[in-house]
Amino acid sequence: MDVDCFKRMYRMIDYQRRLCMCDVCSRYDWKELTGKISFKQLDYLMLIRLAMPCNLQQVMTLTGLSSSAASLFVDKMTRQGVVLREQDPRDRRNILIRPGEKLMGLLNEIDAELERIIVNELRSCSPEQIDELERSCALVCEKLEKINGESSSR
């Protein structure tokens, strides 16, 4: 398998996602929210959103932030109303972080913009190519979800 091609594809999609972040954040609708958080903080939020609701340890693992930096990050995001804290119903000592409504709206709009760009670029593909892409994407997701499931249960 040509892993270099796969990594290149991932980097190109991530680059396009970051361009979408810039584009969506610059729109009038989101200036109120994005004026309160930095691009790097938004990038951290994009990293942890799949794990949300998550605890501080997961934030540290996914972002690479130290314990104190992750705590400051979550505190600031909570004060800004970007994320919410709630007690874990399974462990009262554990505090979970979940996205606020405004953050989910922003992330959904970024995703929609990225989807629009990808769909537009794939319009020239044949139905067979689209089927092949869908099967390939499903396989990669299945394998990565298996890895992620195994690592989260450790």
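1. The model is predicted, so local features need pLDDT of at least 70 and side-chain atom pairs count only at pLDDT 80 or more, while totals for chains, interfaces and linings use all residues. Residues are numbered from 1 along each chain as its sequence is written, and side-chain values use heavy atoms, with hydrogens and water left out.

2. The largest nonpolar core has 30 residues. Such a core is a set of buried Ala, Val, Leu, Ile, Met, Phe, Trp, Tyr and Cys residues joined through side-chain atoms within 4.5 Å; buried means under 20% relative accessible area, exposed over 50%, and partly exposed in between (1.4 Å probe, protein chains only). Leu 42, Leu 45, Phe 73 and Ile 110 have the most contacts inside this core.

3. Phe 73 touches Gln 41, Tyr 44, Leu 45, Ile 48, Val 59 and Leu 65, not counting residues up to four places away in sequence. Contact means heavy atoms within 4.5 Å.

4. Thr 63 counts as buried, because its relative accessibility is 13%. Leaving aside neighbours within four places in sequence, Thr 63 is in contact with Tyr 44, Leu 47 and Ile 48. A polar atom of its side chain lies 2.6 Å from the backbone oxygen of Val 59, and the side chain of Thr 63 also reaches the backbone nitrogen of Leu 65 at 3.2 Å.

5. Leu 133 is partly exposed, as its relative accessible area is 34%. Together with Met 9, Ile 13, Ile 118 and Leu 122, Leu 133 forms a nonpolar patch on the surface.

Methods. Patches are made of residues with over 30% relative accessible area and no salt bridge: like charges are joined within 9 Å, nonpolar side chains (Val, Leu, Ile, Met, Phe, Trp, Tyr) within 5 Å. Accessible areas come from the Shrake-Rupley method with a 1.4 Å probe; for residues, only the protein chains shown count as cover. A salt bridge is a side-chain nitrogen of Lys or Arg within 4 Å of a carboxyl oxygen of Asp or Glu. A polar contact is a pair of N or O atoms within 3.5 Å; within protein, one must be able to donate a hydrogen and the other to accept it, and residues adjacent in sequence count only if both atoms are side-chain atoms.
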